[in-house]
Amino acid sequence: MKKQNKLNPKQALAWLHRQLKGVSDIEERKLKKGFEEIDIIYFKSMCDPVMINNHLINRFYELDDVPLYLEFIRSFPKSLEPDREEDMLRNMLRGAVAIFTRDKVLLFDAELVNTSSIQPASTENVIQGPDDSFTENVEVNLNLIRHRYQSAHLKSEYMTAGRASQTRLIILYDDTLVDKTILEEVKNRLSDITSDVIQSASDIERSTMHPHWRLFPTMMFSERPDRTVMNISQGKIAILVDNTGYSILVPSIFNDFFTAMDDKIQLPPIGWFLKAIRYIALFLTVLLPAMYVAFTSYNPEILRMQISLLIAGSRATVPYPSFFEVIFMLLAMEFLTEASVRLPKAIGPTATTVGGLILGTAATEAGLVSNIMIILVSAVAITNFVIPFSMMSMGIRVSKYVFILLASTFGLVGIVLGMVAMITYLTSLRTFGKPYLKMFAMDWRKKGDERSG
Amino acid sequence: MSGVVRNKYFYYLFLLNASINLINFVPGIMLDDRFDGGMMSILLSIPIGAGLLYLFAKLIAKFPGEGLPEILYSTLPGWLAAPMLIVAAAVWYFSSVITLISFTDITDRYINPDIATYLILGGFIVVVGLAARLDSESILYALEMVLYMAVPLIVYMSWRALSSPFFSYDSVRQIITYTWNPPTYQTMAAATYVFTGYINMVVFNRVFHKFRMRHIILIIMMSIATLAVSMLGPIGFLGTIGAGEHEYPAFAAMDSLRIRYFIIERMIYVFYFVYMTLSLLNSIVHWHVSKELIIGVFGFKGSPSPKGDKKRRRAEWWIIGVFSLIVLVISGAINQYMLKDMAIVFVDSRFAGEFVLIGTLIYAAVKRKRRKKA
């Protein structure tokens with residue numbers, strides 16, 4: 001025991017008073033019993049009053065003297081003696097009660113946690129399978145994971161990020177499976193975070209990943225404990241962020257964003273089929289609008305004669321070039337999607353009805369867009385929704401406009417150029433040193449493989 | 001964190017070069033000599049080309065993780081190493097110039113006659129230039145992806161071509177009767193081009209740390225198939241005489257194929273799509289290699305990392321800028337005949353250069369070994 005490091009209660013109390021000037025949700029009480037007196041200070045908003053009454057105030061009068069009382073408080077697992085004043089204040093801000101006796105300062109954890117209970121997953125649904133999702137409390141989330149991964153190899157390391165928010169992070173990994181260099185990299189980057197407030201998992205992504213300007217996510221956010229556990233068992237690292245309800249899984253490669261938990265739940269051939277469907281959807285949603293522009297405006301001879309004639313006939317009344325038609329319809333579709341996300345539930349159906357009516361029949365009857373364009377736009381929208389992660393589907397949603405631009409300046413050549421550029425761009429990305437897009441991405445998980453030079 | 005890749009990427013580099021062989025200047029040069037030793041040079045090129053490839057693979061395996069600049073500067077005096085690197089870079093760069101310009105021409109003729117040639121070439125240059133700046137590892141991954149998309153289509157198209165009722169096996173048989181004519185140096189040089197993909201290893205070897213050459217028989221079979229298809233395919237479709245009269249025999253041959261049960265009717269568009277991606281990738285690889293060789297002369301060491309240092313970045317931009325400018329100037333200055341002459345000069349000098357390269361590597365390996373013993 002290093003006594004000299006401990007705080008002097010008088011000085012500490014004075015320092016604390018200076019720091020807390022103007023903070024009105026602070027509660028300070030003097031407890032007196034004969035000659036003995038102690039001060040307790042805490043944030044009303046952060047602490048559980050029942051706990052303080054039972055364990056601190058009642059006990060003080062029940063127990064014989066202060067040393068015994070202090071022993072009693074020390075027996076609580078989360079109580080501690082702070083070494084520095086800043087430590088004391090930080091713990092108080094987190095829901096600790098500071099107890100000042102004549103010669104000691106003690107902290108007693110009485111944190112009051114208001115969180116919602118465990119809800120079913122809302123953004124990553126499965127057909128058959130577990131339904132729980134993470135809550136906003138990091139301890140509950142850790143509990144959900146430990147339940148599903150009962151191994152002492154599952155290591156958890158605590159960190160905080162954000163100067164003002166002091167958001168708690170828990171780094172989780174299986175130490176027999178994890179790649180140590182990646183783990184180091186993750187810890188370094190997390191401790192490099194300089195922003196003041198970390199409120200969501202994407203704040204972490206923004207301030208840790210390079211380059212900052214990206215179109216595709218390189219960290220996966222999951223609200224599902226089962227997916228987190230699956231990833232941990234594959235040697236990845238999970239970062240739980242307090243107050244977010246998401247875990248961050250790193251390193252995440254392109255293919256991971258096309259995996260839904262259904263693939264594992266269903267029989268293997270069905271899982272492969274589902275994945276194949278998603279990749280086909282990816283190609284369609286990115287390329288269909290661009291191909292429409294290229295095939296109607298530049299290279300109608302590519303398609304079978306009958307199809308070219310069909311498109312031309314359907315476009316007969318349309319008074320502007322095809323790229324304008326495509327942009328017009330896609331923008332209408334984007335507006336509709338955005339509106340239906342933000343609208344209150346009561347008005348939601350109205351928006352879709354009105355939008356569907358306008359996009360569906362009225363626009364073609366007015367001769368503003370061709371019938372085939374309507375089919376194409378709905379195909380693009382549907383295929384975009386097939387991608388299971390919203391961050392990825394957003395990136396893809398944006399990238400199709402790049403392809404339309406290329407197709408309207410270069411035709412088919414532009415699409416091919418875009419594809420080559422897209423592939424090289426994706427393969428040049430790294431997530432914590434791992435290649436982001438690679439054929440046969442699974443093989444990096446094998447360790448000690450002789451041929452991997 | 002510059003990565004390390006598996007041995008299979010060596011085969012991809014070979015495969016890229018071999019498949020591009022079907023449409024670049026090589027079939028044109030070989031078809032010119034179809035009656036005088038074209039077939040013989042195919043037969044002879046296989047032992048020679050495969051021998052060079054094997055020797056090179058054995059030699060480069062002695063320098064794990066090193067590129068040609070590091071090897072040369074550590075074993076040769078600087079005044080000799082620098083010009084050698086620059087010449088190697090220039091030769092390698094010019095093959096991509098020929099590829100880019102001829103593909104722009106193909107695009108102009110077969111796909112997009114409405115768009116200005118400069119615009120198309122500009123698009124090519126932007127993509128190639130930006131991608132060539134990436135690190136070697138990323139380029140290899142991109143190459144792998146593209147090959148997995150392209151090779152099944154190439155196999156399908158070759159099968160459709162060879163099984164077509166309009167493919168005249170009689171013409172092929174007739175050309176085979178000319179097998180015993182003695183070959184010329186030029187045709188030999190062209191025919192061995194199919195093996196030349198290994199030269200890219202002078203830079204990409206930096207990401208191979210335990211490189212070992214295996215399955216050379218696969219490479220030989222691949223090359224025989226490629227050479228046979230690239231020479232005899234056009235002959236089967238265009239006839240023994242007609243095959244020599246086309247600027248792009250492979251495209252002309254493919255344009256005679258029809259897909260009956262798909263929304264695309266003419267095979268040439270599939271062919272164009274495949275070969276445009278491969279040509280772009282090939283140019284990216286070539287620019288990357290030349291850029292790295294030149295940068296080696298200026299004393300920047302090692303392979304570029306995803307982050308990289310600033311000076312190196314700036315030097316890269318300058319080199320890429322000069323490369324782009326040269327392509328634009330050349331494309332404006334020359335015509336089709338000059339392009340073909342350029343291709344012949346390239347092919348000839350490359351064939352001789354391969355021997356020089358391997359000789360240098362043998363010298364370097366011996367010197368390195370002696371130094372280790374001493």
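Into which domains is chain A divided? In this predicted model, chain A consists of domain 1 (3-109), domain 2 (138-252) and domain 3 (264-435). The C-alpha centres of domain 1 and domain 2 of chain A are 33 Å apart.

## The four-stranded sheet of chain A

Chain A contains an open sheet of 4 strands, arranged in the order 1-2-3-4 with antiparallel pairing. Strand 1 (26-33) and strand 4 (105-109) of chain A are the edge strands, since each of them pairs on one side only. On average, and with direction ignored, neighbouring strands of this sheet are turned by 20 degrees against each other. As a general principle, the strands of a sheet pair through backbone hydrogen bonds, in either a parallel or an antiparallel manner.

The pairing can be followed in detail between strand 3 (residues 96-100) and strand 4 of chain A, which run antiparallel and are joined by 5 bridges. Here Ile99(A) has Leu106(A), in strand 4 of chain A, as its bridge partner.

## Helices against the sheet

Two helices may be considered together with this sheet. Helix 4 (residues 85-93) of chain A packs on the sheet and touches strand 2, strand 3 and strand 4 of chain A. The direction of helix 4 makes about 135 degrees with that of strand 3 of chain A.

Helix 2 (residues 49-62) of chain A lies across strand 1, strand 2 (36-43), strand 3 and strand 4 of chain A. Relative to strand 1 of chain A, helix 2 runs at about 25 degrees.

## A hairpin in chain A

Strand 5 (residues 154-161) and strand 6 (residues 167-174) of chain A pair in the antiparallel sense, and 8 bridges link them. Among the paired residues, Met159(A) has Leu169(A) in strand 6 of chain A as its bridge partner.

Together, strand 5 and strand 6 of chain A form a hairpin, with 5 residues between the two strands. In the turn, Gly162(A) has a positive phi of about 90 degrees.

## The overall form of chain B

Chain B has 15 helices and 0 strands. The radius of gyration of chain B is 21 Å, close to the 21 Å given by the globule rule for 374 residues, so chain B is as compact as a globular protein of that length. Along the principal axes, the C-alpha atoms of chain B fill a box of roughly 65 × 45 × 35 Å.

Of the 374 residues of chain B, 49% count as buried. Among the contacts in chain B with a separation of 6 or more, 86% are between residues 24 or more positions apart.

## Where the two chains meet

The contact between the chains takes 36 residues from chain B and 30 residues from chain A. On the side of chain B that touches chain A, the elements that give two or more residues are helix 5 (78-111), helix 6 (117-132), helix 7 (136-162) and helix 13 (267-297) of chain B. Helix 7 of chain B provides the largest share of this side, namely 7 residues. By class, the side of chain B that touches chain A has 24 nonpolar, 7 polar and 5 charged residues.

## Leu280 of chain B

Leu280(B) is located in helix 13 of chain B. Is Leu280(B) buried or exposed? Leu280(B) counts as buried because it has 26 C-beta neighbours inside 10 Å, whereas the cut-off for a buried residue is 20 or more.

Leaving aside residues up to four places away in sequence, Leu280(B) touches Val420(A), Phe124(B), Val127(B) and Val128(B). The C-alpha atoms of Leu280(B) and Arg6(B), which are 274 residues apart along the chain, are separated by 23 Å.

Methods
Residues are numbered from 1 along each chain as its sequence is written. Chains are lettered from A and ligands numbered from 1 in the order in which they are written. This is a predicted model: local features need pLDDT of at least 70, side-chain atom pairs count only at pLDDT 80 or more; totals for chains, interfaces and linings use all residues. Two strands pair if DSSP finds at least two bridges between them. Axes are lines fitted to C-alpha atoms, for helices over the stretch in contact, and angles run from 0 to 180 degrees between N-to-C directions. Two residues are in contact if their C-beta atoms, placed from the backbone, lie within 7 Å. Ala, Val, Leu, Ile, Met, Phe, Trp, Tyr, Cys and Pro count as nonpolar, Asp, Glu, Lys and Arg as charged, and the others, Gly among them, as polar. Domain bounds come from an automatic or database domain assignment. The radius of gyration is taken over C-alpha atoms; the globule rule is 2.2 Å times the number of residues to the power 0.38. A residue is buried if 20 or more other C-beta atoms lie within 10 Å of its own, exposed if 12 or fewer, and partly exposed in between; C-beta atoms are placed from the backbone.
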